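Hello,

Below is the structure I said I would pass on. My notes on its side-chain contacts follow.

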Amino acid sequence: MAHKRMETPMFDTTMKTAAEATLAQMKQAIQGFATAPGPFQVPPAVQEFAAHGALTAKAHFADAEAAARKATAGAETLATSLAGAGADLARTAVEGTIANATMTIDAVQHVLAAPTLQEALQRQGDFLKTFGEANLARAQDGLARARDAATDGIKVIQAEAAAYTAGFKAA
């Protein structure tokens, strides 16, 4: 079934204006740091500490991911027995959450590896843009899927109701 865009031109304009304002502020901040005397060096001990923290977070996240996948599998079984479409929406939500967490942890490592503060700010800005675009696309897809699932569910209910009322008419 083809997905139709749900947002309006006003929504598009508002999102574009907000994004442009945010990018302008980020550019201004980066330009301010560019005029700072000399590059800002992150001490190696701080980099090591942050990198170790990111690796520890990834390890703990793997455990949480396994638990979330197990819980999702249970929810999928229940949802499938009730409607079927709920499982797809739950799976998509968990996958989006996992993608966001992974993207964030990787971005922290990438920003911390920057040789200067200016580069770190640039990398953080790039991450925020990519993160926002990915989540906007996931939200649009999720809304389209939910709409389609609701439409299909209503059609099933209407068909069942029609069959039920036809039994009364025949009697």
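Is V108 buried, exposed or partly exposed? V108 is partly exposed, with a relative accessible area of 39% (buried is under 20%, exposed over 50%, partly exposed in between, using a 1.4 Å probe and protein chains only). The model is predicted, so local features need pLDDT of at least 70 and side-chain atom pairs pLDDT 80 or more, while totals for chains, interfaces and linings use all residues. Residues are numbered from 1 along each chain as its sequence is written, and side-chain values use heavy atoms, without hydrogens and water.

V108 sits in helix α3 (residues 85–112); helices are DSSP runs of H or I, at least four residues, numbered from the N terminus.

Salt bridges (a side-chain nitrogen of Lys or Arg within 4 Å of a carboxyl oxygen of Asp or Glu) number 3. K58 pairs with D106, with the closest N and O atoms 3.1 Å apart. This pair links distant parts of the chain, with K58 in helix α2 (residues 44–82) and D106 in helix α3, 48 residues apart. R123 and E119 form a salt bridge at 3.0 Å, and both lie in helix α4, 4 residues apart. R123 is buried at 17%, whereas E119 is partly exposed at 31%. R145 and D141 also form a salt bridge, at 3.0 Å from N to O.

There is 1 aromatic pair (ring centres of Phe, Tyr or Trp, the last by its six-membered ring, within 6.5 Å; planes under 30 degrees apart are stacked, over 60 edge-to-face, the rest tilted). The rings of F127 and F131 have centres 5.2 Å apart and planes at 40°, so the pair is tilted.

Regards

Methods
Helices (H or I, at least four residues) and strands (E, at least two) are DSSP runs, numbered from the N terminus.
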